[in-house]
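Biologist: Hey, can you walk me through this protein? I'm new to reading structures.

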Amino acid sequence: MDKTLYIIHGWTYTVEPWNKTIKILNERYHIKAKMLHVPGLTDPSKKVWTIDEYVRWADSLLPEDAVVLGHSNGGRILLNLLSRQPGRVSHLILLSSAGVYEPSKKRDILRIVSQILAPLKQVKILRKIIHKLIGAGDYEKAPENMKKTLTNMLDSDQYLDISKIKVKTDILWGELDKITPPRQAEKIHQQIKKSHLKIFPNWTHAPYIVDPEGLAKAISVIMGVKK
């Protein structure tokens, strides 16, 4: 009998790069992966979203006994859901999860840049140059409502209490991850009691791209599925 894995993706506008990993999970390990399309990203939405609204969205879609994987911003959504409902799902898998609050010069610069550029919206090339210089590519590509949503997500991290989470938790991370560095994995591991952490030396922030077979295998082991 196939097992089911729910996936909440990160900050992306297409889940196509996940296809190879999902195919391997299904065909080789008989794990049925259900991708939940995040509103405003892979599911179009013109509104500005808050973390509270994303939590309600996830809560409405996940069954009580779900095994659920959150990547990057998807992990942030799940961490917030489970900090409020500690036993909401049966098994949490965090893949290079966002959600760890760290003082960020980049975030502060981003706010200042947004304020400065407000009257210069027509000068697109200038915005692109500045955003590239501060490493804010995702911000530049986002539509206006999602730029505000991204700011909401980053700001929400300072209020997140990960230590409240009580469900079985496995943490998968890439040693080469520069978006959510491995030190953040250690912080999550320390705060969630009895969680398990595994860091992979060849993974970046997106192992479903650089190592889909390795990611699928790691998930199968966690879920107790033998090839």
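This is a predicted model: local features need pLDDT of at least 70, side-chain atom pairs count only at pLDDT 80 or more; totals for chains, interfaces and linings use all residues.

Biologist: What share of the contacts joins residues at least 24 apart?

Modeller: Among contacts between residues at least 6 apart in sequence, 73% do that. A contact means heavy atoms within 4.5 Å.

Biologist: Let's do helices. At what angle do α1 and α10 cross?

Modeller: Roughly 50°, and the axes of α1 (residues 19–29) and α10 (residues 212–222) come within 9 Å. So α1 is oblique to α10. Axes here are lines fitted to C-alpha atoms, for helices over the stretch in contact, and angles run from 0 to 180 degrees between N-to-C directions. Angles under 35 degrees count as roughly parallel, over 145 as roughly antiparallel, 65 to 115 as roughly perpendicular and the rest as oblique.

Biologist: Which residues in α1 and α10 meet?

Modeller: On the α1 side they include K20, I24, L25 and Y29, and on the α10 side L215, A216 and I219 are among them. The residues of this contact of α1 with α10 divide into seven nonpolar, two polar and four charged. For those classes, Ala, Val, Leu, Ile, Met, Phe, Trp, Tyr, Cys and Pro count as nonpolar, Asp, Glu, Lys and Arg as charged, and the others, Gly among them, as polar.

Biologist: Now α2 and α3, how do their axes cross?

Modeller: The axes of α2 (residues 51–61) and α3 (residues 73–84) cross at roughly 80° and come within 9 Å. That's why α2 counts as roughly perpendicular to α3. Residues that meet there include Y54, W57 and A58 in α2, and I77, N80 and L81 in α3. By class, the contact of α2 with α3 has seven nonpolar, one polar and four charged residues.

Biologist: Switching to strands. Is L36 buried or exposed?

Modeller: Buried, because its relative accessibility is 12%. L36 is in strand β2, and its contacts, not counting residues up to four places away in sequence, include I8, W57 and L61. From C-alpha to C-alpha, L36 and L61 are 8.2 Å apart in space, though 25 residues apart in sequence.

Biologist: How far apart are K3 and V225?

Modeller: They're 222 residues apart in sequence, but 8.5 Å apart in space, C-alpha to C-alpha. K3 is in strand β1 (residues 3–8), and leaving out residues up to four places away, K3 touches H30, I31, K32, M223, G224 and V225. At 37% relative accessibility, K3 is partly exposed.

Biologist: You mentioned H30. What is its phi?

Modeller: H30 has a positive phi of about 55°, although H30 is not a glycine. For background, most residues other than glycine have a negative phi. H30 is in the loop between α1 and β2 (31–36).

Biologist: What about K194, where is that?

Modeller: K194 is in the loop between α8 (182–191) and β6 (196–200). Phi of K194 is positive too, near 65°. K194 counts as exposed because its relative accessibility is 79%.

Biologist: Last one, which residues does P63 contact?

Modeller: Leaving aside neighbours within four places in sequence, P63 is in contact with Y6, R88 and V89. P63 sits in the loop between α2 and β3 (67–71).

Methods:
Residues are numbered from 1 along each chain as its sequence is written. Side-chain values use heavy atoms; hydrogens and water are left out. Helices (H or I, at least four residues) and strands (E, at least two) are DSSP runs, numbered from the N terminus. Buried means under 20% relative accessible area, exposed over 50%, partly exposed in between (1.4 Å probe, protein chains only).
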